[in-house]
Amino acid sequence: PDRMLIRTRTARIGNSSFDLSNEIYSISLRRSVIRARFVIVVVDYNNGATPVTVPPPVRAAIQALDGV
């Protein structure tokens, strides 16, 4: 068994999407064992799942948490 440190942060905020950067760090190996980036697209499911602008309250919350 190993203890892991999981880090997630917002790497970028665009007009209709934002990127989450993720890392899993092994305490026993003392190194990063997984790195991943997810692109989250904000969509309007009531309008055919078309991309929409990141809502201002969401953008403000992300910026407050991650300083992006």
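These legends walk through several close-up views of one predicted model.

The model is predicted, so local features need pLDDT of at least 70 and side-chain atom pairs count only at pLDDT 80 or more, while totals for chains, interfaces and linings use all residues. Residues are numbered from 1 along each chain as its sequence is written, and side-chain values use heavy atoms, with hydrogens and water left out.

**View 1. Strands E1 and E2 form a hairpin.**
Strands are DSSP runs of at least two residues, labelled E and numbered from the N terminus. Here E1 covers residues 4–13 and E2 covers residues 17–26, with 3 residues between the two strands. They pair in the antiparallel sense over 9 bridges; two strands count as paired if DSSP finds at least two bridges between them. Look for Arg-12, which stands opposite Asp-19 in E2.

**View 2. Arg-12 and Asp-19 meet in a salt bridge.**
A salt bridge is a side-chain nitrogen of Lys or Arg within 4 Å of a carboxyl oxygen of Asp or Glu, and by this rule the model has 4 of them. In this one, the N to O distance is 3.1 Å. Arg-12 is partly exposed at 32%, whereas Asp-19 is buried at 7%.

Begin with Arg-7 and Glu-23, whose closest N and O atoms are 3.3 Å apart. The relative accessible area is 42% for Arg-7, which is partly exposed, and 67% for Arg-35, which is exposed. Glu-23 is buried, at 17%.

**View 3. Ser-32 makes polar contacts with Glu-23 and Arg-35.**
A polar contact is a pair of N or O atoms within 3.5 Å; within protein, one must be able to donate a hydrogen and the other to accept it, and residues adjacent in sequence count only if both atoms are side-chain atoms. The side chain of Ser-32 reaches that of Glu-23 at 3.0 Å and that of Arg-35 at 3.5 Å. Ser-32 lies in strand E3 and is buried, with a relative accessible area of 19%. Leaving out residues up to four places away in sequence, Ser-32 touches Glu-23, Ile-24 and Tyr-25; contact means heavy atoms within 4.5 Å.

**View 4. Phe-18 is part of the largest nonpolar core.**
A nonpolar core is a set of buried Ala, Val, Leu, Ile, Met, Phe, Trp, Tyr and Cys residues joined through side-chain atoms within 4.5 Å. Which residues make up the largest nonpolar core? They are Ile-13, Phe-18, Val-42, Val-54 and Ile-62, 5 residues in all. Beyond its neighbours within four places in sequence, Phe-18 has contacts that include Arg-12, Phe-38, Val-39 and Ile-40.

**View 5. Thr-10 is buried in strand E1.**
Its relative accessibility is 5%. Not counting residues up to four places away in sequence, Thr-10 touches Phe-18, Asp-19, Leu-20, Ile-62, Asp-66 and Val-68. The C-alpha atoms of Thr-10 and Asn-47, by comparison, are separated by 27 Å.

Terms used. Helices (H or I, at least four residues) and strands (E, at least two) are DSSP runs, numbered from the N terminus. Buried means under 20% relative accessible area, exposed over 50%, partly exposed in between (1.4 Å probe, protein chains only).
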